[in-house]
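Hi,

Here is the structure I promised to pass on. Have a look at it first, and then read on for my notes.

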Amino acid sequence: MAETTVFKGRAARAEVRVRKRHPFLEDFASTFRAFMSNKIALVGFVIVLIYIGFTIADLTYPYYLGVHNINNINSFNPGGYAAAIPTPPFVLPPSHLKGAPSWWFWLGTTEFQDPILPIMLAALKVDIVYSFIIVGSGLVIGILLGSISGFLGGYVDEVLMRITDIFFSIPSLVLAIAFIYVLAQRGFSGLDSLVFALIVIWWPTYARLTRGVTLSVKNMKFIEASIASGATRLGIVFKHVIPNVLSPSLVQLSLDLGSIVLILAALDFINLPIISPFVPELGRMIYNGEQYLVSGIWWPVTIPGLFLLLFTVSVNLMGDGLRDVLDPKLRG
Amino acid sequence: MELRFYIIRRALILIPTFLGLTVLMFILFSLIPEQLLIAPYLSIHQTLPRAYVVHQATILLGLNLPLPLRYFKYVWNMFHGNLGVMNLPGYPSSVAQAIAISFPNTLQLAIFSTILAVVIAIPLGTYIGARPNSVADQTGRIFSLSGYAMPAFWLGLLLQIGLGRNVIPGNPVGIFPIQGSVPDVAVAPPWFNNGFTYPTHIPIIDALIHQDWSFAYGAFMHLVLPTLTLTYGILAGVLRFVRAGMVDSARQEFVKTARAKGVPEREVIKKHIRKNALIPTITVMGLLLAGLLGGVVVVEEVFDYPGIGLLSVLSATTYQVYGVIGTTLVFGIILMVANLIVDVLYALVDPRIRY
């Protein structure tokens with residue numbers, strides 16, 4: 001027989017404090033610990049954090065690297081801070097290596113003598129901010145529709161799943177091109193149409209995932225209990241179903257951040273005339289550098305590409321680790 | 001259930017999806033201002049009176065009808081092979097014809113890439129799946145992750161630098177042409193016109209039909225770099241599923257039985273584990289094809305390879321409305337049919353599916 005211990009004083013208060021911790025936080029802490037134990041995923045996570053840090057730095061103080069001044073050869077100096085940073089004595093490199101990576105321009109310059117590093121960081125900001133907007137909106141729409149359709153079932157469910165079927169039957173890049181084209185004809189500006197098109201294309205993934213999990217959650221005892229206690233159906237969906245079906249969508253989200261950046265870059269690389277060439281973007285940088293490859297100028301293409309690849313690989317490592325923790329089916 | 005009935009039932013499911021696809025395409029069309037729908041007809045019939053062309057196009061597209069009837073008009077036109085017109089140099093003015101010319105090239109590229117991916121992924125997946133958590137496994141994991149993460153256009157450009165002909169002077173491995181699908185020939189053979197070969201439009205097969213071996217070799221060399229680029233992207237998906245399947249079936253009871261009765265380890269892996277691991281792999285082929293067709297757009301653009309992907313990009317960059325929506329529709333149809341084939345294959349290898 002186990003003895004029952006009666007806590008008094010501080011011990012009792014501590015007991016209460018431990019019990020009062022929200023179960024979601026408890027889950028989160030254990031998930032985070034499991035995630036941290038996976039070294040490869042941790043490396044990916046840290047790299048993604050560094051990228052996001054660059055983005056936030058660029059968002060809060062966009063002039064710190066002189067991106068606004070890219071037509072000036074002396075782009076180190078942000079306007080108004082010219083006195084603070086000494087001007088590098090600019091020596092022309094040999095003509096065959098004009099703009100190659102050097103002490104002054106670590107990653108080299110483009111054909112117009114614009115340093116690649118600040119443009120790349122500005123491009124990164126555009127890519128990351130847009131991919132967060134797209135994935136976030138897609139997630140919200142997908143989870144709402146997916147959980148409602150899975151929970152209500154019947155006619156609503158059937159119609160919604162047929163709609164997602166249609167979206168899945170077209171490759172997303174192709175559908176994105178068509179949507180961007182059409183939205184641009186309706187007066188959306190280039191990037192607006194791009195973001196809107198990708199949101200329209202991306203929500204079915206989450207809707208389907210969420211619906212699948214909702215179907216399994218739907219028949220559990222606690223849902224029956226809340227039905228018996230007289231909760232409304234919508235209330236149950238928001239209060240009980242959605243918190244329980246989030247994790248597969250979150251895993252998918254962490255992987256999709258990379259795919260969205262890849263699609264954004266690909267769409268800009270294709271050089272749709274609708275998307276402005278003046279928005280710095282990694283795919284656009286690669287497109288601009290492509291024509292100089294033949295003359296041996298490799299850095300405008302390879303460096304933004306490596307930068308993009310490092311981000312997508314890290315995102316995938318992170319997402320993979322997250323999947324191992326949250327969705328052990330594929331762990332193996 | 002007999003396979004025949006399963007196929008029929010599975011094909012019937014295509015009908016609502018196809019109708020949905022046409023509805024989606026019609027919504028896209030109806031979002032476009034009417035003038036822009038008529039303009040392509042005006043641009044290709046410049047010798048005819050303007051008012052006459054506008055009148056004919058209005059009737060053809062059903063622009064004078066209410067929306068539901070316009071939808072039926074659209075579907076009617078589609079079933080009569082009338083996907084609209086466009087004005088792209090080198091292509092016929094009919095979108096349906098342009099697609100018919102481009103499609104075989106894309107098909108050839110997709111088939112080569114799929115075969116290459118499967119041929120590489122199955123032995124490699126078997127190898128690393130039989131040794132989970134080893135060094136080879138971790139390497140394979142990184143390799144497959146970088147395949148997911150690789151920007152296809154960038155990889156294509158790198159391959160062009162490294163292996164492209166006449167890109168870097170004096171490069172001993174730079175033997176592959178980086179542009180187009182057919183070799184440059186001084187005198188074009190009679191079956192080669194406007195960048196497309198006849199009768200099948202697949203350069204290699206046409207050259208073989210006409211027994212022009214050097215042309216066939218040249219066409220094959222043109223295929224190498226796009227195929228490699230496309231393969232790397234889809235290889236990752238197959239590899240991951242083969243590995244997961246191997247690890248999963250290695251845990252089953254029949255594997256223990258086989259080992260217990262003294263079957264050599266090689267045989268166990270080859271006959272017992274791998275055979276069962278490959279069944280679920282077929283299901284991911286559908287997803288893989290979606291990735292493949294998305295990749296086709298970018299890869300064809302990078303290598304200037306005249307398939308539907310390039311047609312789609314060219315249409316979008318030159319504002320050819322019918323070209324954009326027509327190619328999207330065709331991509332949708334290809335993917336639907338491909339998924340049907342995958343499902344039927346799955347039912348063929350695994351009779352449990354036919355419930």
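This is a predicted model: local features need pLDDT of at least 70, side-chain atom pairs count only at pLDDT 80 or more; totals for chains, interfaces and linings use all residues.

Let me start with the core. The largest nonpolar core has 177 residues. Those with the most contacts inside it are A:A176, A:A178, A:I180, A:L198, A:A266 and B:V238. The element that gives the most to this core is helix α9 of chain A (residues 233-270), with 18 residues.

Next, a helix pair in chain B. Helix α2 (residues 34-44) and helix α3 (residues 50-61) of chain B pack with their axes 9 Å apart, at an angle of about 130°. That angle falls between 115 and 145 degrees, so α2(B) and α3(B) are oblique to each other. Their crossing is right-handed. On the α2(B) side the contact is made by B:L37, B:I38, B:Y41 and B:L42, and on the α3(B) side by B:R50, B:V53, B:V54, B:A57 and B:L61. By class, these residues are eight nonpolar, no polar and one charged.

Finally, the contact between the chains. Chain A brings 40 residues to it and chain B brings 44. On the side of chain A that touches chain B, α5 (154-168), α6 (172-185), α9, α10 (282-290) and α11 (299-326) each supply at least two residues. That side of chain A has 26 nonpolar, nine polar and five charged residues.

Best wishes

Conventions. Residues are numbered from 1 along each chain as its sequence is written. Chains are lettered from A and ligands numbered from 1 in the order in which they are written. A nonpolar core is a set of buried Ala, Val, Leu, Ile, Met, Phe, Trp, Tyr and Cys residues joined through C-beta atoms within 7 Å. A residue is buried if 20 or more other C-beta atoms lie within 10 Å of its own, exposed if 12 or fewer, and partly exposed in between; C-beta atoms are placed from the backbone. Helices (H or I, at least four residues) and strands (E, at least two) are DSSP runs, numbered from the N terminus. Axes are lines fitted to C-alpha atoms, for helices over the stretch in contact, and angles run from 0 to 180 degrees between N-to-C directions. Angles under 35 degrees count as roughly parallel, over 145 as roughly antiparallel, 65 to 115 as roughly perpendicular and the rest as oblique. A crossing is left-handed if the near helix is turned anticlockwise from the far one by less than a right angle, and right-handed if clockwise. Two residues are in contact if their C-beta atoms, placed from the backbone, lie within 7 Å. Ala, Val, Leu, Ile, Met, Phe, Trp, Tyr, Cys and Pro count as nonpolar, Asp, Glu, Lys and Arg as charged, and the others, Gly among them, as polar.
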